[in-house]
Amino acid sequence: MDDQPRDTTAADGALRVTVVEPPEREPEDRIALCLSGGGYRAMLFHVGTLWRLNQAGMLPGLHRLSSVSGGSIAAGVLALHWHRLLFNDAGVATNFQGEFVARIRQFASTTVDAGAIILGVCWFRTVGQRVAAAYRKRLFGDATLQDLPDEPEFVFNATNVQSGALWRFMKRYMRDWRVGEVKSPTVPLAAAVAASSAFPPVLSPVVLKLDPATFTPCTGTDLQREPFTSRVVLTDGGVYDNLGLETVWKRYTTILVSDAGGKMAPSGRPAHNWASHSVRILDLIDNQVRSLRKRQLIGAYKAGGLKGTYWGIRSDIANYALPDTLDCPEEKTLALADTPTRLKAMPVDLQKRLINWGYAICDAALRKHYDPTIPPPKGFPYPELGV
């Protein structure tokens, strides 16, 4: 799963470019964390994940956070306020709730998607531009990718509709292997997160207007030319890679994956109108791609070639067979997993329960498959509710 093809030939009219994969390199002995998509459901589930990782003193040890869609909203807030976190000698950020959790919780109490869709249809700006404007107003202000920390590296993944390849936003560069690379991009953080979370068909696409001269020469293969370098059309990163694995696979010896993706429910009478049917087909594709990537990941863990662990919003905590996991009945956690993939204001209690669930299942996965010496938690972040 690398975003560079292997010994292939691409063609564009009379132009032919042979792309040869660079020599294999040994993975870095470092830790990467992947945060999946899934709207506010994923954003809050990942808050629980990050809360548990912080409590275990693991945040400072992360080298890269790779995210898509709803995971990118959480990652963007964490990245922007990383420099404010006060880590003690145990590696625990003592102000984590105030600097991170509270900001996410406040944002989860607002609706973004409905207003963006209505205004995007009625006025000149696109839906994607409206979402980016909402992110700018409520989360990121005028921050750009250059306001992110050097370490850990935050990677926000989108999908290039023009090239069909992954478009990654980072502080050091943004790139698409076919279109090329821009070093030290000054793209607004709000735009990068909006592109990563522009789930189709309603919030897609996000269009970036770029100066072709900012691309480093000869960094693209067959598409480093206009209009690909001047007007980039992007959609949700989950279309290409719904777990955020692409930018960490084969690069790190340890990969942790937090998956809050939904699952397509069976339907005996699927809709025939083009809009509803299109949504159904997109759900089917997402479901299949997610399953394939998950199987490949779990296979790598079992084969011993990769360290780390996976946990999902649909996991059954009983399967971890630990005597001291938090109380998470499967019927309740599956109900949380069925929370719609929306950017819609969420009731306070539901917010807390999703955070509790992300915290609890992350804890079980870490202690079972990654580090059994991590002390068990004393309780949920919001003990009055559980899951």
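**Group meeting talk: strands, helices, cores and salt bridges**

Five bridges join strand 4 to strand 5 (residues 153-160), and these two strands run parallel. A word on terms. Strands (E, at least two residues) and helices (H or I, at least four) are DSSP runs, numbered from the N terminus. Two strands pair if DSSP finds at least two bridges between them.

Now the ground rules. This is a predicted model, where local features need pLDDT of at least 70, side-chain atom pairs count only at pLDDT 80 or more, and totals for chains, interfaces and linings use all residues. Residues are numbered from 1 along each chain as its sequence is written, and side-chain values use heavy atoms, with hydrogens and water left out.

Back to strand 4. Arg64 stands opposite Glu153 in strand 5. What about strand 3 (residues 28-35)? Five bridges join strand 3 to strand 4, and they also run parallel. Leu35 stands opposite Ser67 in strand 4. Strand 3, helix 1 (residues 39-55) and strand 4 make a right-handed β-α-β unit. Right-handed here means this: with the strands pointing away from the viewer, the path from the first strand over the helix to the second runs clockwise.

Is strand 4 (residues 62-68) buried or exposed? Seven of its seven residues are buried, so strand 4 is largely enclosed by the rest of the structure. Buried means under 20% relative accessible area, exposed over 50%, and partly exposed in between (1.4 Å probe, protein chains only).

Next, strand 9 (residues 206-209). Val206 and Leu208 make its covered face, while Val207 and Lys209 make the uncovered one. The general rule: in a regular strand the side chains alternate between the two faces of the sheet. Four bridges join strand 9 to strand 10 (residues 231-236), and this pair runs antiparallel. Val207 has Val233 as its bridge partner in strand 10.

On to a helix. Helix 5 (residues 127-140) has 14 residues and reaches 18 Å from its first C-alpha to its last, close to the 20 Å expected at 1.5 Å a residue. That expected span is 1.5 Å times one less than the number of residues. Helix 5 is mostly covered, with ten of its 14 residues buried. Among them are Val131, Tyr135 and Phe140. Gly141 follows helix 5, and its phi is positive, near 55 degrees.

Now the inside. A nonpolar core is a set of buried Ala, Val, Leu, Ile, Met, Phe, Trp, Tyr and Cys residues joined through side-chain atoms within 4.5 Å. Which members of the largest core touch the most other members? Of its 95 residues, they are Leu50, Phe100, Tyr135, Phe156, Phe169, Trp311 and Trp357. Helix 9 (residues 348-370) gives the most to this core, with ten residues. Apart from it lies another core, of 14 residues, including Leu243 and Tyr310.

Look at Phe169. Not counting residues up to four places away in sequence, Phe169 touches several residues, among them Leu145, Phe156, Met174, Leu208 and Leu234. Contact means heavy atoms within 4.5 Å.

Last topic: charges. The structure holds 16 salt bridges. A salt bridge is a side-chain nitrogen of Lys or Arg within 4 Å of a carboxyl oxygen of Asp or Glu.

Take Arg103 and Glu99. They form a salt bridge, the closest N and O atoms being 2.9 Å apart. Being four residues apart in helix 3 (residues 96-107), they are separated by about one helical turn. Arg103 is partly exposed, at 30% relative accessibility. Glu99 is buried, at 16% relative accessible area.

Asp222 and Arg178 form another, with the closest N and O atoms 2.5 Å apart. Why does this pair tie together parts that are 44 residues apart in sequence? Because Asp222 lies in the loop between strand 9 and strand 10, and Arg178 in the loop between strand 7 (173-176) and strand 8 (180-183). Asp222 is buried, with a relative accessible area of 3%.

Lys352 and Glu384 meet in a salt bridge too (3.3 Å, N to O). Lys352 lies in helix 9 and Glu384 in the segment after helix 9, so the pair ties together parts 32 residues apart in sequence. Lys352 is buried, at 18%, whereas Glu384 is exposed, at 53%.

Salt bridges that share partners also join Arg52, Asp324, Asp363 and Arg367 into one network. Where is Asp363? Asp363 lies in helix 9, and is buried, with a relative accessible area of 1%. Leaving aside neighbours within four places in sequence, Asp363 is in contact with Arg52 and Pro377.
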